[in-house]
Amino acid sequence: MRDIWGETFQAVLFDNDGTLIDSSGPVLRSWTAWARHHGIPAQAFGNVHGMPSRQVVQRVAPHLDVDEATAHIDRIELGDLEGVVALPGAAMALSAAGPRSAIVTSAGRELLRLRLRQAGLTAPAVAVAAEDIARGKPDPEPYLTGARLLKVDPARCLVVEDAPAGLQAGRAAGAATLAVTTTSTVEELAPYADVVVQDLSQVRFTRSADGIRVSRP
């Protein structure tokens with residue numbers, strides 16, 4: 001593990017769902033409706049949080065046409081924004097990190113846009129969505145892409161995540177990792193996180209000419 005407190009990073013790469021926003025209600029309702037429609041039992045899912053929809057479909061329903069089944073869940077999710085809110089500290093973290101940040105999500109770009117707007121958050125200029133990658137979390141490609149778009153060294157980035165799959169992706173990209181316990185337990189997150197906090201209200205991001213300094217509030 002790495003002691004990130006007091007460290008200055010070139011950039012901060014934020015996951016979105018479960019990290020910046022609470023979209024748990026729509027996610028649960030959407031996937032429950034999708035699974036019921038296709039006759040997929042709940043126990044087939046396991047821990048897929050943080051993975052792109054396409055990968056989830058391939059894992060739980062390999063017998064379905066992956067394009068059609070993924071398009072189906074995408075349509076359902078786009079139609080349900082009820083209860084999407086910003087998580088504590090999210091707005092302040094995004095504002096503080098500013099242009100030295102990116103959102104790296106497993107969701108599609110349109111869903112990202114709608115959920116951020118519903119939560120009242122303003123996205124940074126750089127965002128990596130499902131359409132931008134070939135391999136989703138826990139593969140490092142999403143976070144490597146985010147670092148490349150920001151033109152920074154991934155090893156000098158901090159990845160902020162709520163899911164083991166996302167933390168594994170950050171670690172594999174060479175980044176430091178900070179976990180929030182908004183959707184997963186400390187025990188689930190700790191093997192992949194340098195630091196675990198309750199939410200982003202427990203972290204202070206300070207932007208300077210050198211980068212983003214991470215400290216305790």
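Gly-146 has its place in helix α6, residues 141-150; helices here are DSSP runs of H or I with at least four residues, strands are runs of E with at least two, and both are numbered from the N terminus. The model is a predicted one, in which local features need pLDDT of at least 70, side-chain atom pairs count only at pLDDT 80 or more, and totals for chains, interfaces and linings use all residues. Residues are numbered from 1 along each chain as its sequence is written, and side-chain values use heavy atoms, with hydrogens and water left out.

Leaving aside residues up to four places away in sequence, Gly-146 touches Leu-13, Val-104 and Val-128, a contact being heavy atoms within 4.5 Å. Ala-11 is 135 residues away from Gly-146 in sequence, yet the two C-alpha atoms sit 9.6 Å apart in space.

Next comes the sheet. Six strands form an open sheet with parallel pairing, in the order β6-β5-β2-β7-β8-β9; two strands pair if DSSP finds at least two bridges between them. The edges are taken by β6 (126-128) and β9 (195-197), each with a single partner strand, so one side of each has no neighbour in the sheet. From one strand to the next, the twist averages 20°, with axes fitted as lines to C-alpha atoms (for helices, over the stretch in contact) and angles running from 0 to 180 degrees between N-to-C directions.

Strand β2 has partners on both sides. With β5 (residues 101-104), β2 (residues 11-14) pairs in the parallel sense over three bridges, and with β7 the parallel pairing runs over four bridges. On the β5 side, Leu-13 stands opposite Ala-102, while Phe-14 has Ile-103 as its bridge partner. On the β7 side, Val-12 is bridged to Leu-158. In a regular strand, side chains alternate between the two faces of the sheet. Both faces of β2 are covered: Ala-11 and Leu-13 are buried on one side, Val-12 and Phe-14 on the other. Further along the sheet, helix α7 (residues 164-172) lies across β7 (157-161) and β8 (176-180), running at about 165° to β8.

Ser-53 belongs to helix α2, residues 53-60. With 13% relative accessibility, this serine counts as buried. Not counting residues up to four places away in sequence, Ser-53 touches Trp-31, Thr-70, Ile-73, Asp-74, Glu-77 and Ser-106.

As for the whole protein, there are eight helices and eleven strands. Along the principal axes, the C-alpha atoms fill a box of roughly 50 × 30 × 30 Å. Buried residues make up 52% of the 217. Of the contacts between residues at least 6 apart in sequence, 64% join residues at least 24 apart.

Technical notes: Buried < 20%, exposed > 50% of the residue type's maximum accessible area, 1.4 Å probe, protein only.
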